[in-house]
Amino acid sequence: MRVFQFVALLAIAASTLVWSCTSDSKDIQFLYDTTWEFDVHSMRDSLDFPKLTPFEQAASISGLTRIEGMTLKFRKDSVVELRQYDGTETLGGWLLSSDRKEMTIQISKVAVAAQQVLEFTPERIVLAADRKLGFIYPNILVPAVTVKKK
C-alpha cells in the first residue's frame, strides 16, 4: 500500500511540475523575449542616503556604477546572460518561485538569497531591497533600449 501511495504522489508531483513549467513558460514568455537592463536612475532614487551607513553608501554607489549599461537575457533553461557595457559576457543562473513572489538572480559564485518580487510585468521587474539579506537597493529591470552601434 505504501508503495502505491508513493507512486501516486510521485505521479501527481510530476504532472504538476510539467503543468506548472508549461504554464509558466507561456505566462512569462515576455521574460525570455526581452533583453533587460537595470533602471539605475530609479534604483539610485530609491536610496535614502542619510539612513545608510557610510559602508552602505559607498557600496551602493559602487554597485550602481558597476551595473550601469549592463543587459540581461533570461533563458528558459534558468541561465541568465549578462552583457557588460564593454561587451564582456558572463553566464549566471536565475530562479522564479512558482507563485512569482521570489526571484533569485546569481551572476557570481557568491551565495545570494531570493528577493521578494514587487512587480513582474513585461514593462518592469522590481525585486525588493532587503538590507538584512544584503540588498541595499531594489533591483529594477526594464526592457533595454535599442543597442547603440559603435
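Predicted model: local features only at pLDDT ≥ 70, side-chain atom pairs only at ≥ 80, totals over all residues.

User: Okay, which helices and strands does the protein have, and in what pattern along the sequence?

Analyst: The protein has four helices and eight strands, and along the sequence they follow the pattern α-α-β-α-α-β-β-β-β-β-β-β.

User: And what do the eight strands close into?

Analyst: They close into a barrel, taken in the order S1-S2-S3-S4-S5-S6-S7-S8, with antiparallel pairing. Ignoring direction, neighbouring strands of this sheet are turned by 35 degrees against each other on average.

User: Let's zoom in on S5, then. How many bridges join it to S4?

Analyst: Four bridges join strand S4, residues 89-96, to strand S5, residues 102-106, and the two run antiparallel. Within this pairing, Leu-96 stands opposite Met-103 in S5. The hairpin of S4 and S5 has five residues between the strands, and Arg-100 in this hairpin takes a positive phi near 60 degrees.

User: What about S5 and S6?

Analyst: S5 is joined by two bridges to strand S6, residues 115-121, and these strands also run antiparallel. Glu-102 has Gln-116 in S6 as its bridge partner.

User: And how many bridges join S7 to S8?

Analyst: Strand S7, residues 124-127, is joined to strand S8, residues 139-143, by three bridges in an antiparallel arrangement, with Val-126 standing opposite Ile-140 in S8.

User: Changing topic: which residues touch the most other members in the largest nonpolar core?

Analyst: That core holds 29 residues, and those touching the most other members are Leu-31, Phe-74, Trp-94, Met-103 and Phe-120.

User: Take Phe-74, what is it in contact with?

Analyst: Leaving aside its neighbours within four places in sequence, Phe-74 is in contact with Leu-31, Tyr-32, Trp-36, Val-79, Val-80, Trp-94, Met-103, Ile-105 and Leu-141.

User: How much of the whole protein counts as buried?

Analyst: Of its 150 residues, 32% count as buried. The protein exposes about 10,100 Å², and carbon and sulfur atoms supply 60% of that area. As for contacts with a separation of 6 or more, residues 24 or more positions apart account for 46% of them.

User: What about charged side chains, how many salt bridges are there?

Analyst: The structure holds seven salt bridges. Side chains of opposite charge can pair when their charged atoms come close. One of the salt bridges joins Arg-83 and Glu-89, at 2.0 Å from N to O, and another joins Arg-75 and Glu-81, whose closest N and O atoms are 3.1 Å apart.

User: Why does Arg-83 count as partly exposed?

Analyst: Arg-83 counts as partly exposed because its relative accessibility is 40%, and that value lies between the 20% and 50% cut-offs. Its partner Glu-89 is partly exposed as well, with a relative accessible area of 46%.

User: Is the Arg-75 and Glu-81 pair buried or partly exposed?

Analyst: Arg-75 is partly exposed at 29%, and Glu-81 counts as partly exposed at 25%. Arg-75, Asp-77 and Glu-81 are also linked in a network of salt bridges.

User: And Lys-51, which residue does its side chain meet in a salt bridge?

Analyst: Lys-51 meets Asp-48, at 3.7 Å from N to O. Here Lys-51 is exposed, with a relative accessible area of 60%, whereas Asp-48 counts as partly exposed at 36% relative accessibility.

Definitions and conventions. Residues numbered from 1 in each chain as written. Heavy atoms only, no water. Core = buried A, V, L, I, M, F, W, Y, C linked by side-chain atoms within 4.5 Å. Buried < 20%, exposed > 50% of the residue type's maximum accessible area, 1.4 Å probe, protein only. Contact = heavy atoms within 4.5 Å. Areas by Shrake-Rupley, 256 points an atom, 1.4 Å probe, with all protein chains shown as cover. Pairing = 2+ DSSP bridges. Salt bridge = Lys/Arg side-chain N within 4 Å of Asp/Glu carboxyl O. Axes fitted to C-alpha atoms, helices over the stretch in contact; angles between N-to-C directions.
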